[in-house]
Amino acid sequence: MQSQAVHMMILLLIFLVLLIIYTCAAAAAQEVYYPKAKPACQEKCGDVFIPYAFGIGHTDCYLDDWFEIECNQSSKTTSSAPDYKPFLKRAQLEVLNIFIGGPLQAFGGPLQAIGPVTFFCNGTGSSQVANLTGSPFVYSQDKNRFTAVSCGFLAVMISGDFVVGGCRSVCDDKKSASCDIGINCCQTTIPPYLTLMGASLLYQGEGQKPNCDDYAFLVDKDWFESDRSSSAHAVKSRRHVPVVLE
């Protein structure tokens, strides 16, 4: 009986130790990880934190030239205090946020940047997202969607000399855009490892000509779906939308 009691006590102690380890691990997993810039390097540009491998200033502050951030004063500053915006220097791409979830994601977290809206006023498209060819970055297949606000046209993605995807929506005279069901607006995924993309129109309906009410853009799907006031037709007044790089 005494031996059984000792064995039970040992098992109870082992259980308690495992419970403590599990509780501590779960608590650590829930902690928000805030990556930092290298010592003596600038930590923020405007409201955006700049963690390593990105950096501002001296070459020791960033991993390589593709990760160098320029902190430029905005030309749209209206207050007395200057407004600064971070840019990927080599890509000349404005950065909105750098998301790094933990130490194991230090080189794999997404980056939210600015992408253009292409208007088909002359029947073609010309605005392209920043060219990432040769860089360590690609446009996220999972987090971005190609979106076209129009009807009766096939809006396509052009990468280099190739059509790499597209979509077409049906027309509704009410002019309400429902991208999720393809009425006056359509969405589709993008190819993997995309580094360059422009938008164009391949098909025109009978007697129909595109105008400035027809436009397309690559967009961060989470931003687009969460901010309905900025969706579909409302994007027309923005000229730029967030996109996600990985």
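Modeller: Two strands pair if DSSP finds at least two bridges between them. Keep that in mind for this predicted model.

Biologist: Then what makes β6 and β12 a pair?

Modeller: Three bridges join β6 and β12, in the antiparallel sense. The cut-off is at least two bridges, so they pair. Within this pairing, V117 stands opposite F217 in β12.

Biologist: Which sense do β6 and strand β13 (residues 240-245) pair in, and over how many bridges?

Modeller: Antiparallel, over six bridges. L111 stands opposite L245 in β13. Strand β5 (residues 93-98) also runs antiparallel to β6, joined to it by three bridges. There V95 stands opposite A113 in β6.

Biologist: Why is β6 called largely enclosed?

Modeller: Eight of its nine residues are buried, so the rest of the structure largely encloses β6.

Biologist: How many cavities of 30 Å³ or more are there?

Modeller: The count comes to one. The largest cavity has a volume of about 40 Å³. Its lining includes T118, V129, M197 and F217. The elements giving two or more residues to that lining are β6 (111-119), β11 (198-204) and β12 (215-220). The largest share, three residues, comes from β12.

Biologist: Now the cysteines. How do you know that C41 and C61 form a disulfide?

Modeller: Their sulfur atoms are 2.0 Å apart. The cut-off is within 2.5 Å, so the pair qualifies. The link is left-handed, with -85 degrees about the S-S bond.

Biologist: Why does C41 count as buried?

Modeller: Its relative accessibility is 13%. Buried means under 20%, so C41 passes. C61 is buried too, with a relative accessible area of 6%.

Biologist: What makes the disulfide of C167 and C186 right-handed?

Modeller: The torsion about the S-S bond is about 70 degrees, so the disulfide is right-handed. This pair links distant parts of the chain: C167 is in strand β9 (residues 162-167) and C186 in strand β10 (residues 186-188), 19 residues apart. Both C167 and C186 are buried.

Biologist: How far apart are the sulfur atoms of C179 and C185?

Modeller: They are 1.9 Å apart, and the two form a disulfide. With 85 degrees about the S-S bond, this link is right-handed. Both C179 and C185 are buried.

Note on methods. Residues are numbered from 1 along each chain as its sequence is written. This is a predicted model: local features need pLDDT of at least 70, side-chain atom pairs count only at pLDDT 80 or more; totals for chains, interfaces and linings use all residues. Side-chain values use heavy atoms; hydrogens and water are left out. On a 1 Å grid over the protein atoms alone, a cavity is a set of points where a 1.4 Å probe fits but cannot get out, and a pocket is an open set with protein on both sides within 12 Å along at least five of seven lines; lining residues have an atom within 4 Å of a point. Grid points are joined across faces, edges and corners, and a volume is the space filled by probe spheres set on the points. Helices (H or I, at least four residues) and strands (E, at least two) are DSSP runs, numbered from the N terminus. Buried means under 20% relative accessible area, exposed over 50%, partly exposed in between (1.4 Å probe, protein chains only).
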